[in-house]
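The sequence and structure come before the notes.

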Number of protein chains: 2
Amino acid sequence: MVDQMPEVVSAHPQVVIVGGGFAGLQVAEGLDGAHVRVTIVDQHNFHTFLPLLYQVATAGLEPADIAYPIRTIFGKSRNVTFRHGRVLVIDWPARQVLLKDGSHLDFDHLVLATGASAEFFGVKGAREHALPLYTLADARHLRNHLLLALERRDAHPVAERPGVTFVVVGAGPTGVETAGALIELLEVCVRRDRLQIDLAASEVVIVDPVDRVLAPFPRTASRYAARILTRRGVTLRLGVSVVEVLDDGVVLSDGSEIEADGVIWAAGVSGTGTLAESVPGPPTPQRRVPVDADLSVPGLEGVWAVGDAAAVPTGTRDSDVCPQLAPVAIQSGRHCAAQILASVEGRPTAPFRYRDKGIMATIGRRAAVAALPRGPVLRGTLGWLSWLGLHLAYLIGFRNRLRVLLNWTWRYFDWPSGPRLIVADAETADEPHSTGQ
Amino acid sequence: MVDQMPEVVSAHPQVVIVGGGFAGLQVAEGLDGAHVRVTIVDQHNFHTFLPLLYQVATAGLEPADIAYPIRTIFGKSRNVTFRHGRVLVIDWPARQVLLKDGSHLDFDHLVLATGASAEFFGVKGAREHALPLYTLADARHLRNHLLLALERRDAHPVAERPGVTFVVVGAGPTGVETAGALIELLEVCVRRDRLQIDLAASEVVIVDPVDRVLAPFPRTASRYAARILTRRGVTLRLGVSVVEVLDDGVVLSDGSEIEADGVIWAAGVSGTGTLAESVPGPPTPQRRVPVDADLSVPGLEGVWAVGDAAAVPTGTRDSDVCPQLAPVAIQSGRHCAAQILASVEGRPTAPFRYRDKGIMATIGRRAAVAALPRGPVLRGTLGWLSWLGLHLAYLIGFRNRLRVLLNWTWRYFDWPSGPRLIVADAETADEPHSTGQ
């Protein structure tokens with residue numbers, strides 16, 4: 001196999017892919033072995049499996065369970081290489097990507113796969129006080145915050161507030177999954193680790209201006225999810241929005257306030273603050289890069305945009321844009337690779353068309369919903385098993401799959417430990433090198 | 001079992017254990033179920049299995065593989081509780097431990113199990129530039145440093161230095177184990193991840209003023225270790241000491257300099273900077289707490305010191321003090337628990353006596369040395385297997401054992417991935433919440 005692969009020669013066009021998420025990796029995989037030189041550049045040396053991020057945040061999984069070194073993924077490729085670095089700016093006329101370390105990468109084709117970032121919608125105090133959940137660093141930070149809040153409450157009980165309260169902003173899949181896992185974390189911390197916190201007085205509250213949870217799902221799925229969440233102890237505050245985030249709670253649009261030990265932001269993402277914003281021309285409402293039907297960026301020769309960073313057209317009606325979901329990132333990345341090859345070989349490009357394969361969300365142990373397009377809604381244990389199977393199948397790298405499977409199985413039957421470690425980002429700051437104290 | 005355990009009543013004496021390392025946990029385990037109330041206080045909510053720390057530093061294991069929540073260990077105990085917090089100072093006359101958050105813990109008995117910290121012996125620049133390896137935070141920091149140094153060299157090749165150089169200061173077990181694992185990490189980064197670094201021009205150098213590696217071991221073990229290390233590519237600079245650490249290398253006592261991409265400090269530990277220093281009375285040369293034969297601190301009623309923090313007498317000859325090793329911590333912790341019970345029950349205390357069960361060090365895959373007291377020196381695969389078995393047996397918590405075993409087995413046969421993730425402590429600092437770039 002390897003011997004039949006083409007030699008990499010410097011005359012081959014250079015493709016630079018910015019971002020090693022689902023979309024960027026799919027582009028690279030589609031170009032692996034072709035007559036192009038490919039460089040993936042990312043500020044992290046690993047790919048993050050974002051669909052399981054909430055598990056890291058709620059101490060069910062470890063960071064390494066959902067992260068995988070990008071170099072290792074393409075370790076056997078002859079024409080795909082990785083460059084660890086942060087892109088500062090793109091010099092469009094010179095066709096160069098400029099990195100923070102002062103170096104640059106020339107490109108013939110450039111793929112923007114820069115993902116998205118948390119969108120705070122201008123809500124007062126949100127950027128300062130709410131805890132977003134979109135990167136591995138976010139997840140670690142959120143986990144430390146949650147566990148520290150519980151330890152603090154155990155050490156300093158307040159008679160008038162015997163429980164803890166966490167607010168989750170957003171009733172979409174991320175919000176629902178996080179709230180479900182958070183309830184389980186609270187239970188295990190009290191029942192197993194015997195933290196002195198009153199469970200009955202504790203609350204996980206989901207707030208969303210939309211009047212139902214999992215709005216993109218069919219109504220039957222929303223009703224089922226709401227019933228399970230409520231039964232497990234999650235409070236739903238639907239039809240109201242958060243107007244301000246304080247350092248100890250939120251203010252809602254109906255004038256009420258919720259005092260909270262943590263506010264988790266799961267309200268949505270946009271291209272704000274990412275490289276996508278720097279592309280010349282008018283951005284779409286969510287600040288995603290506008291693309292033509294073949295995913296090329298209009299007016300910029302050999303520049304493409306895919307995944308969350310792009311306003312990917314569904315390919316059915318002119319104005320429709322795909323949601324920012326993993327399947328869109330994967331499909332658009334795959335399509336982009338084929339169009340780059342067509343363009344390199346002088347063939348015409350083809351329009352992208354999104355194939356909706358359904359959506360899924362888990363609500364906790366043995367409870368999930370899976371909505372297939374024009375098909376049935378799977379729920380309960382069956383929904384949970386299909387959710388589990390799909391995610392494990394998607395996880396890149398055999399070793400990670402094994403680890404995650406082991407952790408999940410263990411947790412399903414018992415959950416005796418779980419990585420409930422508080423590994424503060426700045427733990428060395430005031431205590432350089434000592435063990436115990 | 002549980003029903004036969006004594007009720008915890010507030011009249012029972014309060015034992016406060018400062019530090020959740022090997023020693024502290026053994027004290028708590030020895031008091032579990034007895035007529036005392038026990039509180040373990042630690043600034044980390046987890047126990048760290050220090051013997052495998054070098055594996056985390058060299059990307060062979062994940063932090064969660066060697067860390068275990070202290071609450072979970074005593075989740076079923078009726079009289080042992082955990083308090084997450086940092087001890088600032090001890091008010092000896094008031095018999096109170098004062099915590100950083102402003103609260104305090106009263107004690108009838110106090111156990112100092114605060115461990116040790118890296119000792120730089122006043123070497124110029126060591127504290128600023130060398131990377132110690134004594135806490136989980138140290139290990140994560142070192143790993144990020146190593147992997148970033150490799151990525152930097154790949155991105156910015158220097159013609160006159162095609163390889164990388166790492167210096168390990170100290171030829172004891174920690175230095176030898178780290179150097180052996182570091183050589184393996186270099187190989188896997190180049191062979192599998194295809195980093196553009198010249199292996200033949202790369203070096204791992206061990207520096208030690210003593211003229212042999214593994215000085216506490218028999219000479220046959222030292223010779224074997226030196227042979228294996230050299231064969232695998234480690235350079236030994238023995239009989240010279242480091243007089244200065246620079247940000248890009250070290251200066252040696254023979255006047256030579258080594259330009260290096262990282263300097264790892266494995267030269268020794270002391271009580272410097274830990275709570276052990278605050279105990280009234282003259283400290284021992286290594287700043288450990290002096291203790292009587294029964295491990296009580298002279299002149300302070302009901303105060304005990306164990307493990308690395310204490311100058312634990314061997315119990316054989318008056319002046320002999322035990323080395324700072326895990327078996328000493330475990331045995332002294334166990335002994336201390338028994339003496340506290342004796343003292344609570346009005347019985348006389350007994351002197352501690354160290355039972356030397358041998359020492360072990362691994363040099364890499366299928367190579368380790370185990371020296372039994374007055375017994376044979378095991379080495380090679382047999383030594384490695386006994387090393388592996390012993391460490392796995394010591395690991396607290398079944399789940400962690402499973403994880404470590406899985407990782408090790410996987411690595412032994414292939415090592416396709418390994419957690420070579422650069423998760424910088426401050427990764428969120430300049431890029432708040434975006435995925436790819």
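A residue is called buried if 20 or more other C-beta atoms lie within 10 Å of its own, exposed if 12 or fewer, and partly exposed in between, with C-beta atoms placed from the backbone. On that basis, 51% of the 437 residues of chain A count as buried. The model is predicted: local features need pLDDT of at least 70, side-chain atom pairs count only at pLDDT 80 or more, and totals for chains, interfaces and linings use all residues. Residues are numbered from 1 along each chain as its sequence is written, while chains are lettered from A and ligands numbered from 1 in the order in which they are written.

**Chain A overall**

- Chain A holds 10 helices and 25 strands; helices (H or I, at least four residues) and strands (E, at least two) are DSSP runs, numbered from the N terminus.
- Two residues are in contact if their C-beta atoms, placed from the backbone, lie within 7 Å.
- Of the contacts in chain A between residues at least 6 apart in sequence, 65% join residues at least 24 apart.

**Domains of chain A**

- Domain 1 of chain A brings 22 residues to the contact, and domain 2 of chain A brings 27 residues.
- On the side of domain 1 of chain A that touches domain 2 of chain A, at least two residues each come from β3 (46-48), α2 (53-57), β4 (67-69) and β10 (117-118) of chain A.
- α2(A) gives the most to this side, with 5 residues.
- The residues of this side of domain 1 of chain A comprise 15 nonpolar, 6 polar and 1 charged; Ala, Val, Leu, Ile, Met, Phe, Trp, Tyr, Cys and Pro count as nonpolar, Asp, Glu, Lys and Arg as charged, and the others, Gly among them, as polar.

**Helix pair in chain A**

- Helix α1 (residues 22-31) of chain A packs against helix α8 (residues 326-344) of chain A at an angle of about 35 degrees, and their axes are 7 Å apart.
- Axes are lines fitted to C-alpha atoms, for helices over the stretch in contact, and angles run from 0 to 180 degrees between N-to-C directions.
- The residues of α1(A) that meet α8(A) include Phe22(A), Leu25(A) and Leu31(A), and those in α8(A) include Ile330(A), Arg334(A) and Ile340(A).
- By class, this contact has 12 nonpolar, 5 polar and 1 charged residues.

**Sheet in chain B**

- An open sheet of 3 strands has the order β15-β16-β17 (chain B), with antiparallel pairing; two strands pair if DSSP finds at least two bridges between them.
- β15 and β17 of chain B are the edge strands, each pairing on one side only.
- Strand β15 (residues 242-246) of chain B is joined to strand β16 (residues 249-252) of chain B by 4 bridges, and a hairpin links β15(B) to β16(B) through 2 residues.
- Val250(B) in β16(B) is the bridge partner of Val245(B).
- β16(B) pairs with strand β17 (residues 257-259) of chain B over 3 bridges, and Glu257(B) in β17(B) is the bridge partner of Val251(B).
- The hairpin of β16(B) and β17(B) has 4 residues between the strands, and Gly255(B) in the turn has a positive phi of about 90 degrees.
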